Amino acid sequence: MFFALAAGIGTHNTKDDWLEVYYPAPLFQPAHPLIEKISSVIGYTGGNVAITLDNPSCHALENIFHQHGLDEQASIMTTLESADSPKVLMLMEHDLAPTTTPEIYLKLHLISHRFVKPHEINFKNIFSLLPNVAWTIDGAIDPEELPYRQLRARAEGRILEVTSIDKFPKMANYVVPSGVRIAQTARVRLGAYVGAGTTIMHEGFINFNAGTEGRVMVEGRISAGVFIGQGSDLGGGCSTMGTLSGGNDVIISVGENCLIGANAGIGISLGNRCTVEAGLYLTSTSKVQLLNEDQHSVEIVKAKSLAGLSDLLFRRNSITGAIECLVNPSAITLNEELHTHN
Amino acid sequence: MFFALAAGIGTHNTKDDWLEVYYPAPLFQPAHPLIEKISSVIGYTGGNVAITLDNPSCHALENIFHQHGLDEQASIMTTLESADSPKVLMLMEHDLAPTTTPEIYLKLHLISHRFVKPHEINFKNIFSLLPNVAWTIDGAIDPEELPYRQLRARAEGRILEVTSIDKFPKMANYVVPSGVRIAQTARVRLGAYVGAGTTIMHEGFINFNAGTEGRVMVEGRISAGVFIGQGSDLGGGCSTMGTLSGGNDVIISVGENCLIGANAGIGISLGNRCTVEAGLYLTSTSKVQLLNEDQHSVEIVKAKSLAGLSDLLFRRNSITGAIECLVNPSAITLNEELHTHN
Amino acid sequence: MFFALAAGIGTHNTKDDWLEVYYPAPLFQPAHPLIEKISSVIGYTGGNVAITLDNPSCHALENIFHQHGLDEQASIMTTLESADSPKVLMLMEHDLAPTTTPEIYLKLHLISHRFVKPHEINFKNIFSLLPNVAWTIDGAIDPEELPYRQLRARAEGRILEVTSIDKFPKMANYVVPSGVRIAQTARVRLGAYVGAGTTIMHEGFINFNAGTEGRVMVEGRISAGVFIGQGSDLGGGCSTMGTLSGGNDVIISVGENCLIGANAGIGISLGNRCTVEAGLYLTSTSKVQLLNEDQHSVEIVKAKSLAGLSDLLFRRNSITGAIECLVNPSAITLNEELHTHN
């Protein structure tokens, strides 16, 4: 069974279309009695629906949440009651291709709150549904309405700071999961899954529907769909090929305790304890010389035939120029002091 | 004939020097009767001049714009009349080396509004003329006056957010052209030309006097002077050599439907339908092995002798280490869903 | 002798722990009479201590600073007197491993104010001591208190902009040293040493306890501990290996008038007038072919044996794939126009 529900507050453009929704504390797989009680009070009859909330509905939900011991959610309803912005109750009974902005935003929240992992939820057609938004210091603005707002700010003696023009907001304005550091929040989209203990440095990046498990050092780019295992280290500026623009359907993952060096890149998945030397880009069609333990060449294979295997070290021989693969002599260990204090 | 005029509002430092000017809706090549009317009312006698606007002048301009059917510009004058910030009317009869800050800012606006393309306008001496500015949440501040403002903000219980110390502001605070996404606006300078349909991801960058034509995916860096053709894809972290710091005068361009792979780079221009493999940096002096259709080596040439040619694929042979060039087997096609919904 | 003192204003979380401290104008190696006067009035008896300042103490300090001709510091005290935020006087007699947040923040300020250089000051255990902070448009917030603040902002019709979740703030919100440009301040941490004349472009990055001397162009990443000499140029996206995550204790430095090409990288120190070709990553264990002046191979050595030597050019032979080292034919010269107008 799949069920998610959340009360949210967000922004409409002047045509009353949703631009974005913030769900402070979504509930995933809530108890049946709660769903039934909400159904009877709010008039929910199943399916995936976004119900506009007025103040009496907020008050009714506050009572229901209290009765079910959900004090955080009840307290949130109290606050929402006093707010003038548009409010919504999103109920999701099935994990289908989303059809509304409030539904997409709830799914993005579910991943960033770590209720579900990347690839465990349906994001079909998300790009065609999500509105493009001008993210500004004055909140979310429809790009068509931006020039008017910019001029009005100038008339007030201000410059309207526009931080992003994108379909996805930065995660940190919606969810900051426990135990993380994100040096530059502008580089992590809502819908990223950031494991407890992960540090994302200034050059790190995580797209939506992608992320890390546990303690990972991210100084490179985690493309849409890519997932990185516990204890791995992505060096500065390194690249992982995603499914969106790479043009193929293979989903890249990196296992545990891997090291991808600075300015390196991978077009194949890695198992555990693998190392890719700094500056080496390993595409799926790269030919690779396999070396035995005496470091003699044994065979030449395509990189994709090594995808997902563990304990490999990839390097470019700096005399012959050949890409070589040998057994990784040492798994990396992350700098303890850097990571234990998130 | 070249003529541009625009009413702007901006910021002075405490010495009444211009720090920046915002032109909400510049006019390029306006009709002669409009110029004549403005000349007679405002007292303009030709040349490139920045005329300070007081409220009666704003009102007079509002009337003139109305009479000439320019309702957007008229409406802007109404708003400017109510503003306390410094206002200016910039008239530009010739495309000469700019001499004032309002003139430079209008030229930067003209490119970002897509009235003129990179290299079509004179930016001589721009670095020595443009003032360095502290761009903050409280607007543009002279760096010399910043410490006082920072302390004052602290006394008010605030931290003054300083986003940039630079001669160029971010484009999005001035112009957001139609049909674009810019995930991180801090990486696109005013004076960038961003084609309709272009998506600039978090790792993308566009300098002033550089840009894209139409639908382009930008996850790499477009240096000053570089222009990218319709349908091309710049992979994550890829590099294009600019004219400013590269030390040579060759202007780099990329044709249509090219793919520059992640972490790759180019020091030569590319024609149409070219591919540079992920991770390969092709400088103008790189020696390249030309392969025939049987993939046999035919000749060794310098990369610059291949500049501007179409249908080439550049890769580094992962067994021999040699940079090879062969006929590109397939032009790339951009992910449709990603790009059609800007 | 080592002595530093500074009055600061900062932020507490709701438990009254320090989150951050801003020292507008620290004093380094101040005159003895000043220290003695402050000792007698404030009750300082030596050591490294953070003394909470109330308004009478601020007033007393104002008088002392005036008496000692320190008008800037006196004027700051006048402003601090009127502020409600927590205030502190930090006195530091010894450069020991820091033990409090105000002490660490003063050390970070000392470097960014150019009083001391990277590696000249003790930062032991800094990661375990520094609190993780949510840096927002509403100031510094304890990450545990962030959800409440985000919800409250929403109830007020605002989105609370969260720019960073990190132990280090951006330098520019605390110190902007003279003669610099920093296109994206989010990429320079407090504790960076930025030389007069340095330009940090959008892709540039400087960690704490790292930096540049004088006129340097930074379009790449200066990792913790790395120092770059006068006149050098770090190309776009280039990498320098730091001591924190690289796992070794060798401190990397780059001498004067070096050029590290775009997307290149170094794991060894460079002397003066060295060039690393664009796209080449030189690790300390890379084998390098030494060429004589006739460009014939003389010997093969490990890159680390060349560490710190001057006048070297490193490139990858694009036909043989070998990393080669030869005498650098020409030192680079930075673009004058770009750099002389900071």
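**Helix packing and its surroundings**

Modeller: Helix H2 of chain B and helix H3 of chain B cross in a left-handed manner (left-handed if the near helix is turned anticlockwise from the far one by less than a right angle, right-handed if clockwise). The model is predicted, and local features need pLDDT of at least 70, side-chain atom pairs count only at pLDDT 80 or more, while totals for chains, interfaces and linings use all residues. Residues are numbered from 1 along each chain as its sequence is written, chains are lettered from A and ligands numbered from 1 in the order in which they are written.

In chain B, H2 covers residues 55–67 and H3 covers residues 71–81 (helices, H or I, of at least four residues and strands, E, of at least two are DSSP runs, numbered from the N terminus).

Which residues of H2(B) and H3(B) meet? From H2(B) come B:Asn55, B:Cys58, B:His59, B:Leu61, B:Glu62, B:Phe65 and B:His66. They meet B:Asp71, B:Gln73, B:Ala74, B:Met77, B:Thr78, B:Leu80 and B:Glu81 in H3(B) (contact: C-beta atoms, placed from the backbone, within 7 Å). Six nonpolar, five polar and three charged residues make up the contact of H2(B) with H3(B) (Ala, Val, Leu, Ile, Met, Phe, Trp, Tyr, Cys and Pro are nonpolar, Asp, Glu, Lys and Arg charged, the others, Gly among them, polar).

Helix H1 (residues 32–43) and helix H2 (residues 55–67) of chain A have axes 11 Å apart and pack at an angle of about 160°. H1(A) and H2(A) are therefore roughly antiparallel to each other, and H1(A) passes H2(A) in a right-handed crossing. On one side of this packing stand A:Lys37, A:Ile38, A:Val41 and A:Ile42 in H1(A), and on the other A:Ser57, A:Ala60 and A:Ile64 in H2(A). By class, the contact of H1(A) with H2(A) holds five nonpolar residues, one polar and one charged.

In chain C, helix H1 (residues 32–43) and helix H2 (residues 55–67) have axes that come within 11 Å and cross at roughly 160°. That makes H1(C) roughly antiparallel to H2(C), and the crossing of the two is right-handed. C:Lys37, C:Ile38, C:Val41 and C:Ile42 are the residues of H1(C) in the contact, with C:Ser57, C:Ala60 and C:Ile64 from H2(C). The contact of H1(C) with H2(C) is made of five nonpolar, one polar and one charged residues.

Chain C also has an open sheet of four strands, ordered E10-E13-E16-E19 with parallel pairing (two strands pair if DSSP finds at least two bridges between them). Strand E10 (192–193) and strand E19 (253–254) of chain C form the edges, each pairing on one side only. Within this sheet, strand E13 (residues 210–212) runs parallel to strand E16 (residues 227–228) and is joined to it by two bridges. C:Thr212 has C:Ile228 in E16(C) as its bridge partner.

The chains also touch each other. Between chain A and chain B, 45 residues of chain A and 40 residues of chain B form the contact. On the side of chain A that touches chain B, two or more residues each come from helix H5 (126–129), helix H6 (146–155), strand E8 (162–166) and strand E24 (287–291) of chain A. That side of chain A has 21 nonpolar, 16 polar and eight charged residues.

Chain A is superposed on chain B, with an RMSD of 0.0 Å, by a rotation of 120° and 0.0 Å of shift along its axis (least squares on the C-alpha atoms of residues with pLDDT of at least 70 in both copies). A:Gly321 has the C-alpha of chain A nearest the axis, 2.3 Å from it. The copies use different surfaces, since 11% of the contact residues of chain A recur in chain B.

Finally, chain C can be laid on chain A by a turn of 120° and a shift of 0.0 Å along the axis, with an RMSD of 0.0 Å. The two copies are thus related as by a three-fold rotation axis. C:Gly321 has the C-alpha of chain C nearest that axis, at 2.3 Å.

Key:
Axes fitted to C-alpha atoms, helices over the stretch in contact; angles between N-to-C directions. Parallel < 35°, antiparallel > 145°, perpendicular 65-115°, else oblique. Contact = placed C-beta atoms within 7 Å.
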